[in-house]
Every structure is written in C-alpha cells, then in structure tokens.
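Here are my notes on the model, point by point. Please read them with the structure open.

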Amino acid sequence: MFTSLKRAAVFLLGAYTIVAQVTFVREFLVVFLGNELCLGIIFSSWFMGIALGAAVSARRARGAVAGERAFLSLAITLALISPFVLIVIRLIRSLLSVPPGEYIPFARLLISTWFLIIPFSFFIGLAFPFACLLRIGERGVRNVGRVYVLESLGSIAGGALFSFALVGRVSTVHILCGGSAALCLVLFLLSWEPPRRLSARLVTGIPCAAFFMILVTGAAGKIDALTIGARWRSLNPGLPLVASVESRYENIAVGERAGQYDLFGSGQYYFSFPDPYGYAAVTHVIMSEHPDPRRVLLIGGGVGGMIPELAKYRLELVRYVELDPAIITVTEKFLSPAEARMLHSPPVEAYYGDGRRFVKQTEERFDIVVVNVPDPSTAMLNRFYTREFYEEAKRILAPGGILAARLNVPSDYYGEEVGNYAGSVYRTLKSVFPDVRVTPTEEMLFFAASESGIISSDLSVLQKRWAERGIVTDYFGPNHFLAWWLPERVEFTRKALETYGKRILNTDMKPVTYYFNLILWARYSGSAIAHILSRIENAGPVWYLGLLLVLFVSRLFYIFLSGTGRGRTLYPPPSKGEGKGGGVIPCAYSQKSGKNHIFLSGAGRERASAFHALLAIAAMGFTAMALEIILIFAFQNIYGYVYQMMGLIVALFMAGLATGGFIANTLVRNVSRRWPLWLGFLECALALYLLVIPLIVARVGSASGHTEYLFMALIMITGFITGAGFPISNQIYTQHVSDIGSAAARVNGFDQFGACAGSILTGVIFVPLLGIPATCLFLLTLNGLCGILLLIDPASR
C-alpha cells in the first residue's frame, strides 16, 4: 500500500508542479501585457531554481539511504508556496510601481521573475534526489529512471487536465488550492507508514485540512476576486473593472468610465467602445481607398465600432473573424440593443477562429481585407505583419482588391528605432504589393494593392468617392481627408519609411518587426537591453558559433595534453614510475612509435566520461527548452492560440520525456557497457533532428488543414530524444560517483542549468534576433560537438 502511495505522491507532484508552471505563465502574460518575451525568462527562472535545488540536495542526499521524511517536507512546502506565488504575481506591478500601460523594464522584470519563480522551483530540484531514494520497487540507479518517468507521467496528466478540463471553467485560485489539497492528502496518508511519527502527520494533515476549508467555505473565490481587482488597479487605476473572464485563449477584462468601455486581452489594450468619432474616421478612410467595395473581410476589432460604420455602405458581405468568442460574449452586455443585433445581422457574418488561419484556408474573395489587430508587440500579433501573411491575404483579394493595416507610431519623428519598426512593415508590404500608401498620422494606416490606380492619396479622388456614396454621418465629412492625407506629410513619411525600410523583411521564420518592437519597448522602459541586443545583432554569427568552436578546441587540447583520449594498451608494460590507484603514468614506452606516452588509468578515464556526460545532459537540457520555445513560437505564428494550448504542449513534451526516459532506463538495465557511445549517438540524432526542424516548420506554415497534429508530434519527439539522455548520463556519472542521491542531484542540476540557459537565451535573444533557422544552426553545432566528444571518449571503444 505505501509503495503505491509513494508512486502516487511522485506522480501527483509532477502533475501539480506542471499545473503551477502553466498557471504562473498565464498570470505573468497578463502583468507583462501579453509579451511572450517573458516566456523565456519564466522558463529560465524555473530551471535555474531546480538546478540550484539539485546542487544543494547533491550534498544533502549524499550517503542517505531513505528519502521519505525529506520528500514529505519538501512536497508540503511546494503545496503551501504556490498560492502565495500566484497572489504576488498579480500584485507585482503595484509592488514595482510600474506606471499604467508601460512595460516592466527588463532588469526589474528579470529580478521579479527570479524572486517569484526560483524559490518555488528550488524546492522541486531539492525534492527530486530524495524522491529517487523512495523505495518504489526498484533499486540503485534504475530507481532514478523510475522516478523520472513517474514524475513525467504526472506532468502529462496535469498538463492535459489543465488544458481540456480546468482552463476557462475553474478559477486560478481554485485550481491551485485544489491541487494543493489533493497533494497534501496523499502525503498525509503516506505519513502513516511505520515508523509513524506524530510530527509528520501534523505537518501534512494541518495544510490538508486548511486547503479543504478554503475550498469548502468559498474563501478561494473571494481571494481570486480580490487579487484580480488588485491586478486590474495596477494596470488601469481609476478605471472601474466591470468584467473579467479567463477564456481558453486569454484573460479578457473590461473597464468603464463615463459610459465608455475599454477592453483588454492578457493585459494589453485592444479597443474602446462606443467610440463613434474614432471608428467613423478610420472606417471611412479605409473604405474610400477602394472605388467600389462590395465584400469586406474584417480581422478583429469589429465590436469596437467599425461594424456599425460599415453597415452604412451597400455591402454584400462583411466577414467578421474573431479568435475568441468570449470577446463578443463579454462586450455584447455593454452594447446597445441595435449594436448587438448588427453583429448577427446581414451583411455581417461572424466566424470564430484564428484570422490568419481563415485567410490561409478560405476560398472566398474580398474587395477589402482589414487587419484590425493591435501592434506587433507579441509573436501572436507579429504574425499578421509578416511577408507570409501578406502573400496569403493577396491570394484572397478580388481583382482590384486592397489590404489595410494599422500601426501606432510617432508621426513627427523617425529615429532609428521608430524608423526600423515602421519601415520593416512598409518594406515587407512592398515586397508583396507593388503599390503601398501610408497615412502620415500617429495611427498609421497602411494600404496595399496589386494594381495601380486603386489606392490613392489624392484628396480630390478620395473626396469624389466619398460624395458618390452618399454616406450621411455626424462624425466624418470630405474635409476630414486632409487630416489623414496632408500632401507634405505624406511625402515626408514615404521618404522616411523608404530610408529605414531597406533592412531584412519581417517573416515568420525571422520576426524582425517583433524584434524592433522589443527594442522600442526597451527604450521606452529605460532598459539597457536595447543596446545589448543591437551589439549582438551587429556581431553576426561569429559570437555564437565561434564561441562553441573555441570551447570545443580547448577541450580537445586538454584531452591531448592529459592523455585522456589515448589508447588502453601499453607497450611494453609500464615502468616503475607508474603511480598506484589510477594516476598518471609518466613514462610508458610504445614500441610502435618509439616514444614515451602519457596515459590516464581507469579512474582518469571515468572522470573524463563523467564530465562529458554532464556536458551532454546540459546541452540536451539547453536544446530541449530552446526547441520547446521555438515550437511554441512557431505554433503561435501559424495557429495563434498557444495561450489555450500551453498545458497540452507542456504535457506532450513531458510525454516525450517520459517515453524516452523509460526506454533509456530499460537500456540501462539490459546493456552493461559503452554508455558514452550510446549517449554520443543520441547527441548526433538530436543534431540531425535540428537540421530538419526549420524545413518542417516552414512546410507546416504553408500547408492547409489540421497540421497541429504534426506540431504536437514534433514536441513529443523533442521530449523523447532529450528525455532519453537523462538515464544514460546518470548511468555514466554513477560510475564516477557511486552515491545514488548525489549522482542524481548532480546530473539533474546540469540538466536544469542547461534548460535555464536555453530558455532565456532562446526566448530573449535567439528567436527574436536570429530567427528560427539560425537558432537551430546554433543548437545543431552545440549538440554535434558534444556528440563528437562522447564518440572519441575512451569508454566508447
């Protein structure tokens, strides 16, 4: 019975920690205004804490023969910490005194994430070696593999449960308190294992009862409401919150002041309504760019007021595409009955789904495609500003059709940052459409057409089109065109965008506009990271590939000098200068070469193999998280709803880890030699996999149909290959350090340290700055070089 409870405790701990991780990610996305930059920082903090915990437990677990008491204490600590971490995340903007609407400066973002995430994940790393010492049916090093697989299986279950059952249905506080209560209950039952200790039962029983009381009395709901209110006030002080909903895709919040409502998604401002003057101007300027519009595709923002203005035209169809149905459900409550009816009355036809996916798959044709989404400050939004999207939009334009997009930039100054940002959009549009016009306003409108003579900045042409349509409105007239198309300003803006728009195009594989928005965010928030990123960009590939090659050559040089990589046979038998106990042999004579050679004995070779194993597992941890972030980023580019699928993505990754770990653990059990050779082959397989990842992602991005399944397979394969490395690395290292707990902690620490570095470098630098292909090239080089070191290791022969 108690063996089963121990297995259940390890399984449940894996499930609970992954649910906590995904919950923290979603909450951080809100307070960081939806910017996926925080993903790399969160993941790196998570793995840094685990690595530090593993480093500490390497000493604490050394010589221990059982881990029940320590495991109980650490698991209870995790259950108690997570609700407090959630509360502080929601209060973090107030605690840091960040002004409303501003991004948190990078340094404070990094420090605050460390402060919140590292203490929690530290106890995860601390608990793992003691979990490996639980008696759950295996002995020795194979028990480590069993615990690794059990924890991974729990992570799979937790991620799937969160994605398909909890998110959008259960409040965040209820999720964490319910998970804490379940974990504490299993630990309480486990505390009755002989020898029974009253202290263990009190430590587990009191928190268990407390969490159940919080759930039963309704305190969880009150805590949730209070902390959501506090988070809202830090984002929008003085604006009363009237609705907050956790949908499957995002957090949706609505504030109200003097009869006007502001809608926010994941903390980022979306639009205001009703705003008849603002939307009238934008709508009529857009519609006047086409000589005779009949069919309009509106991607996003229709609820804000554009649809009532479009209703004044004699249109055959307004296809309104909105990703999240909850946006319409929430906002309809605050619309007038007439406005609410317009959303569901001809010519308006609503489609709930991703706008880009609709554009890719539809066979309909439109006279005007309006991309009414926020600025490309996140990966999800940047995908509506890439060359691939513009090509997809061009395909669905009717003859003489036009595309309209928006961008908020200062209109009176074009420095390097602003110029590169707006210029990248202009240049990308020009690469697809021969005719592009831009309004010289603070809210830039970009118009693009495949044929000349359609779009125009000529005031007389626009005023004539307006007069022919006979639109009657109090909010717009023919004289308003001058504010949007002042000739001198039009020419100034065109020259500025062409000057700064000569850089590389914004694409799905290399999102430079997202990167330029990141630079702007850093400048506006006073962060020094903008200067650092610019220096890295100017350095080119030398800084990352050259560094790897220098380290690799240095290691080979050390091996050559120390004699670690030399053969095992001495000719003739060693002289009396040989040391005892496995030291250096200074004067072994070789009959083949006629020279003295330096050899390391068995212990020296074991140390070298152990070091190479730690390097390999660190490289695999780095690659695992880098690839997960790359695939999350690519998934967001292609499908646009990673917020909903985060739990499933993590679960599938952990499923791959568990499967790879299980198979490798079986291999460890049945094969007794040449572990570095197996690990080297695994590293080379990972390098080959990295070679094809950019090609697969590019093909999936251009394909139609339900290609998400292929993406999920890529995530599982990534987990499988990297997960298989852990038991083999642990087996190699155990040959050098016989203590099971200490070896497991050391290998786990290097794994998590690599994952920490991979998360922050990939999320903050590699993907935004280098793009997916160059990032995969770096990872390929890293793992290929580690594979070479393992294949030339003496123990591989």
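**Notes on the predicted model**

1. R383 lies over the face of F384, 5.2 Å from the ring centre. R201 is placed over the face of W192, at 4.4 Å from the ring centre. The criterion is NZ of Lys or CZ of Arg within 6 Å of the ring centre and within 35 degrees of the ring normal.

2. A word on the basis. This is a predicted model, in which local features need pLDDT of at least 70 and side-chain atom pairs count only at pLDDT 80 or more, while totals for chains, interfaces and linings use all residues. Residues are numbered from 1 along each chain as its sequence is written, and side-chain values use heavy atoms, with hydrogens and water left out.

3. Aromatic pairs. Rings of Phe, Tyr and Trp (its six-membered ring) pair if their centres lie within 6.5 Å; planes under 30 degrees apart are stacked, over 60 edge-to-face, and the rest tilted. The count comes to 19 aromatic pairs. In one of them, W232 and F264 have ring centres 5.4 Å apart and planes at 85°, so this pair is edge-to-face. The pair links distant parts of the chain, 32 residues apart: W232 is in helix α8 (residues 219–235) and F264 in strand β3 (residues 260–265). Helices (H or I, at least four residues) and strands (E, at least two) are DSSP runs, numbered from the N terminus.

4. Are these two residues buried or exposed? W232 is buried at 6% relative accessibility. F264 is buried too, with a relative accessible area of 7%. Buried means under 20% relative accessible area, exposed over 50%, and partly exposed in between (1.4 Å probe, protein chains only).

5. An aromatic cluster and a cis bond share F273. The cluster is formed by Y261, F271, F273 and F334. The peptide bond from F273 to P274 is cis, with omega near -10°. P274 lies in the loop between β4 (268–273) and α9. Another cis peptide bond joins P346 and P347, with omega about 10°. P347 is in the loop between α12 (337–342) and β7 (348–352).

6. Helix α9 (residues 276–287) has 12 residues. From first C-alpha to last it reaches 16 Å, close to the 16 Å expected at 1.5 Å a residue. The expected span is 1.5 Å times one less than the number of residues. Of its 12 residues, 9 are buried, so α9 is largely enclosed by the rest of the structure. Among the buried residues of α9 are Y279, H284 and M287.

7. A258 has a positive phi, near 55°. A258 sits in the loop between β2 (251–257) and β3, and is exposed, with a relative accessible area of 79%. S266 also has a positive phi, near 50°. S266 is in the loop between β3 and β4, but is buried, with a relative accessible area of 8%.

8. Helix α4 (residues 106–132) has 27 residues and reaches 38 Å from its first C-alpha to its last, close to the 39 Å expected. Where does α4 bend? The bend is at I118, by about 35°, and a proline, P119, follows within four residues. The bend is the angle between axes fitted to the seven residues ending at a residue and the seven starting there. α4 is mostly covered, with 19 of its 27 residues buried.

9. On a 1 Å grid over the protein atoms alone, a cavity is a set of points where a 1.4 Å probe fits but cannot get out; a pocket is an open set with protein on both sides within 12 Å along at least five of seven lines; lining residues have an atom within 4 Å of a point. Grid points are joined across faces, edges and corners, and a volume is the space filled by probe spheres set on the points. The whole structure has 8 cavities of 30 Å³ or more. The largest cavity holds about 490 Å³. Its lining has 28 residues, with F47, I50, M654, L657 and Q752 nearest the centre. Helix α23 gives the largest share of this lining, 5 residues.

10. The second largest pocket has a volume of about 620 Å³. Of its 23 lining residues, L548, L551, L615, L782 and C786 are closest to the centre. Helices α22 (542–562), α23 (602–639), α27 (740–770) and α28 (772–791) each give two or more residues to the lining. The largest share, 7 residues, comes from α22.
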